[in-house]
Amino acid sequence: KGLLLDGKCHNASINLQREFVYPTNIASLFDKYRVPKKADYVSIDVDSSDIYILDALLSHGEDKHGRPTATSYRPRLISIEYQPNFGYGSTLAFPDTTQVKLPSALQNWDGWTCYTAPSAKSIEAVARSHGYVPVGIATGMDLFFMPKELAAANDVDIIDLRKAEYPLPHSGKIWGQTKPMTPLQAFGLAL
């Protein structure tokens, strides 16, 4: 049976638990709800600290050399929301509000701008640092990663995110950004 975590909703019939997810509690939440160490699939989409949650989850239980141990979480497939408006060359991420004190206007996605998910390149760097490789993309929405050894053992192609489609403002494609970031939001990304 799958597990769903949401900060606002609860529905026991589908195992939807009311929990706010942060980098500081993701592993303890997985422990609390008895998520298998090698879960088939984990999706991360919190419109803010996604990349830090990914790093915290994959860092949990690693040895001093960064190698997974028996207590590590090693999902077989991970999807994570990315921000296509940044393009592959950008290494931007929403600030980790568990580590940086931000004005309240910068602590959450405002629902209108691209001040939300991290860039694909920044996510790929974190995933690769834990032995995960990109194996899929839902253009404009999510990236998919799996452990490199699992991809190799199952002849799953590793995709080159540098060649993936990243819509630019002049391309005529709009991916949810309906107004430009405020100067304060742009400053928040630079932290």
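Hi everyone. Let's start with a pair of strands: β5 (residues 132-138) and β6 pair in the antiparallel sense over six bridges. Strands here are DSSP runs of E with at least two residues, helices are runs of H or I with at least four residues, and both are numbered from the N terminus. Two strands count as paired if DSSP finds at least two bridges between them.

Before going on, a word on what we are looking at. This is a predicted model, where local features need pLDDT of at least 70 and side-chain atom pairs count only at pLDDT 80 or more, while totals for chains, interfaces and linings use all residues. Residues are numbered from 1 along each chain as its sequence is written, and side-chain values use heavy atoms, with hydrogens and water left out.

Back to our pair. Within it, Val-133 stands opposite Met-146 of β6. The two strands make a hairpin with three residues between them, and in that turn Gly-140 has a positive phi of about 85°.

How many of the residues of β6 (142-147) are buried? Five of the six, so to speak: the strand is mostly covered. Buried means under 20% relative accessible area, exposed means over 50%, and partly exposed is in between, using a 1.4 Å probe and protein chains only.

Now for another partner of β6. Strand β4 (residues 78-81) runs antiparallel to β6, joined by four bridges, with Ile-78 opposite Phe-145. Strand β4 also has three bridges to β3, and those two run parallel. There, Val-42 faces Ile-78. Which way do the residues of β4 point? Ile-78 and Ile-80 go one way, Ser-79 and Glu-81 go the other, and all are buried.

Next, helix α3 (residues 120-129). Its buried residues include Ala-120, Ile-123 and Val-126. The buried residues of α3 pack against α2 (50-59), β4, β5 and β6, where contact means heavy atoms within 4.5 Å. After the helix comes Gly-131, with a positive phi near 85°.

Speaking of phi, most residues other than glycine have a negative one. Asn-15 is not a glycine, yet its phi is positive, about 60°. Asn-15 lies in the loop between β1 and β2, and is buried at 17% relative accessible area. Arg-34 also has a positive phi, near 55°. Arg-34 sits in the loop between α1 and β3, and is exposed at 75%.

Gln-17 belongs to strand β2 (residues 16-18) and is buried, at 14%. Leaving aside neighbours within four places in sequence, Gln-17 touches several residues, among them Leu-3, His-10 and Tyr-33.

Last stop: the lining of the largest pocket. At least two of its residues come from each of β1 (4-6), α1 (26-32) and β3 (42-44). What kinds of residues make up this lining? They divide into 19 nonpolar (Ala, Val, Leu, Ile, Met, Phe, Trp, Tyr, Cys and Pro), seven charged (Asp, Glu, Lys and Arg) and nine polar, meaning the others, Gly among them.
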